[in-house]
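Here is a short briefing on one protein model. Keep the sequence and the 3D view open as you read.

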Amino acid sequence: CNYKCTYCTIPNARGYPRSLEFEKLPEQFNEVRSKGYLEIVLSGINLGEYKSNDKYRFKDVLKLISSNDFGVRFRVSSLEPNLIDSEVISLLCNSDNICPHFHIPLQSGSDKILKLMKRRYNSQRIFDSVLEIKSVNPDACIGLDVITGFPGESAVEFDETYKFINTLPVSYLHVFTYSERKNTLAATFPNSVPKITRKERTAKLKELSDSKLQEFHKSQIGKTNLFLPEKYDADKKIHYGHTSNYVNCFVKTD
C-alpha cells in the first residue's frame, strides 16, 4: 500500500503494492477448486489498487469472475472507500459468482479525525456508498472497520462517529483500539486519548455492532440463500457455515 495513513506502518513494513499477474488468475482459481475448496476470498493489503501489466485493474478481476464459471463462489475481503464506485457496487451486488458482501475500512465517522488520519474520503462518501449498496441489493452484508481513541478524538468526535454509524444500514463492525506505532505521524500528535477511554469507546461500539448484527440477521429470516458448510458436528449432525451474504448459520442434516 502507498496511502501513508498517519497511524499505519504497512508501507514501511511491506513496501509498495505488488499484484499477481492477471493472466495467472484463472490458473490459480482452477487449482484451488481442484483441491476441493468452494469459496475463494480475494485478499490484499489494499485490494482495490490491484494493477497488472499497466492494463488490468481490480474491476477487470471482478469482470473476469462474473463472466466465467470457476466452480466456486468468490468473496471480496476489504475495499478502501475511495475505490468503491457504482460499477464495483453493481459487480458485487449483481454477480452470480461474487458474494454480496462489502467490508469497508471506515476508521472514523468524524471528518475532522479522517483528515488527521489522512484518509482519502469523507463521511459523506461512505454514507452515499452504503445507501447505494443497499438500494442495489437490500440483502447485501456490509461491515465496517473503526478505530477508537485516535489522537484528537474528543467525546464530540467519538459521538459523531457513533451517531453516524448508527444511522447506517450496516451489518457489523470490526472495532480496533488505537495504539501508537513507531515511525508514524500519529504517534507524534498531541491530545492523546487516555487508554481507559479508548477501551470504553471500543466497548461501546462493540455493543452497537452486536445490535446491528442482530438487526441484519432478523432481516434475513424467511429468505432463501446459498449456504456453504464449513464445519460438521457429527454428534449433533449439524453443519456450520455461512450464506453468500455472510450470515453465520447452521443446517441440521445427516
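The model is predicted. Its largest nonpolar core has 46 residues. A search of the whole structure finds 0 disulfides.

**Nonpolar cores**

- In soluble globular proteins, nonpolar side chains tend to be buried together.
- Seven residues to look for have the most contacts inside the largest core: Phe-29, Leu-42, Phe-58, Val-76, Leu-144, Ile-165 and Leu-173.
- Take Leu-173 as a case. Beyond its neighbours within four places in sequence, Leu-173 is in contact with Leu-144, Val-146, Ile-165, Leu-205, Leu-208 and Ser-209.
- Two of those partners, Leu-144 and Ile-165, are also on the list of residues with the most contacts inside the core.
- There is a second, separate core of 10 residues. Among them are Cys-5, Ile-113, Phe-150 and Tyr-178.

**A helix pair: H7 and H8**

- Helix H7 spans residues 155–167, and helix H8 spans residues 195–219.
- Their axes come within 11 Å. They cross at roughly 10°.
- Angles under 35 degrees count as roughly parallel, so H7 and H8 are roughly parallel to each other.
- On the H7 side, the contact is made by Ala-155, Phe-158, Tyr-162, Ile-165 and Asn-166.
- On the H8 side, the contact is made by Arg-201, Lys-204, Leu-205, Leu-208 and Lys-212.
- Sorted by class, this contact has 6 nonpolar, 1 polar and 3 charged residues.
- Ile-165 of H7, and Leu-205 and Leu-208 of H8, take part in the helix contact. These residues also touch Leu-173.

- Cys-93 is buried, with a relative accessible area of 10%, whereas Cys-249 is partly exposed at 23%.

**Two buried residues in strands**

- Ser-52 is found in strand S2, residues 51–52. Its relative accessible area is 3%, so Ser-52 is buried.
- Setting aside residues up to four places away in sequence, Ser-52 touches Leu-20, Glu-21, Phe-22 and Glu-23.
- Ile-104 sits in strand S5, residues 101–107. Ile-104 counts as buried at 2% relative accessibility.
- Residues that Ile-104 touches include Leu-79, Pro-81, Ile-84, Ile-126, Ile-133, Ile-142 and Leu-144. Gly-143 and Asp-145 are on that list as well.
- Ile-104 and Asn-30 are 74 residues apart along the chain, and their C-alpha atoms are separated by 28 Å.

- Glu-87 is in helix H4, residues 86–94. Glu-87 is partly exposed, with a relative accessible area of 32%.
- Leaving out neighbours within four places in sequence, Glu-87 is in contact with Lys-59 and Lys-63.
- Glu-87 and Lys-59 are 28 residues apart in sequence, yet 8.0 Å apart in space, C-alpha to C-alpha.
- Asp-139 lies in the loop between helix H6 (123–136) and strand S6 (141–148). Asp-139 is partly exposed, at 24% relative accessible area.
- Contacts of Asp-139 beyond four places in sequence are Lys-134, Phe-216, Gln-220, Lys-223 and Asn-245.
- Asp-139 and Thr-167 are also 28 residues apart along the chain, but their C-alpha atoms are separated by 17 Å.

**Two loop residues with positive phi**

- Lys-118 has a positive phi of about 60°, although Lys-118 is not a glycine.
- Lys-118 lies in the loop between helix H5 (111–117) and H6. Lys-118 is partly exposed, with a relative accessible area of 47%.
- Asn-191 is not a glycine either, and has a positive phi of about 60°.
- Asn-191 lies in the loop between strand S7 (172–177) and H8.
- Is Asn-191 buried or exposed? At 59% relative accessibility, Asn-191 counts as exposed.

Note on methods:
Residues are numbered from 1 along each chain as its sequence is written. This is a predicted model: local features need pLDDT of at least 70, side-chain atom pairs count only at pLDDT 80 or more; totals for chains, interfaces and linings use all residues. Side-chain values use heavy atoms; hydrogens and water are left out. A disulfide is a pair of cysteine sulfur atoms within 2.5 Å. Buried means under 20% relative accessible area, exposed over 50%, partly exposed in between (1.4 Å probe, protein chains only). A nonpolar core is a set of buried Ala, Val, Leu, Ile, Met, Phe, Trp, Tyr and Cys residues joined through side-chain atoms within 4.5 Å. Contact means heavy atoms within 4.5 Å. Axes are lines fitted to C-alpha atoms, for helices over the stretch in contact, and angles run from 0 to 180 degrees between N-to-C directions. Helices (H or I, at least four residues) and strands (E, at least two) are DSSP runs, numbered from the N terminus. Angles under 35 degrees count as roughly parallel, over 145 as roughly antiparallel, 65 to 115 as roughly perpendicular and the rest as oblique. Ala, Val, Leu, Ile, Met, Phe, Trp, Tyr, Cys and Pro count as nonpolar, Asp, Glu, Lys and Arg as charged, and the others, Gly among them, as polar.
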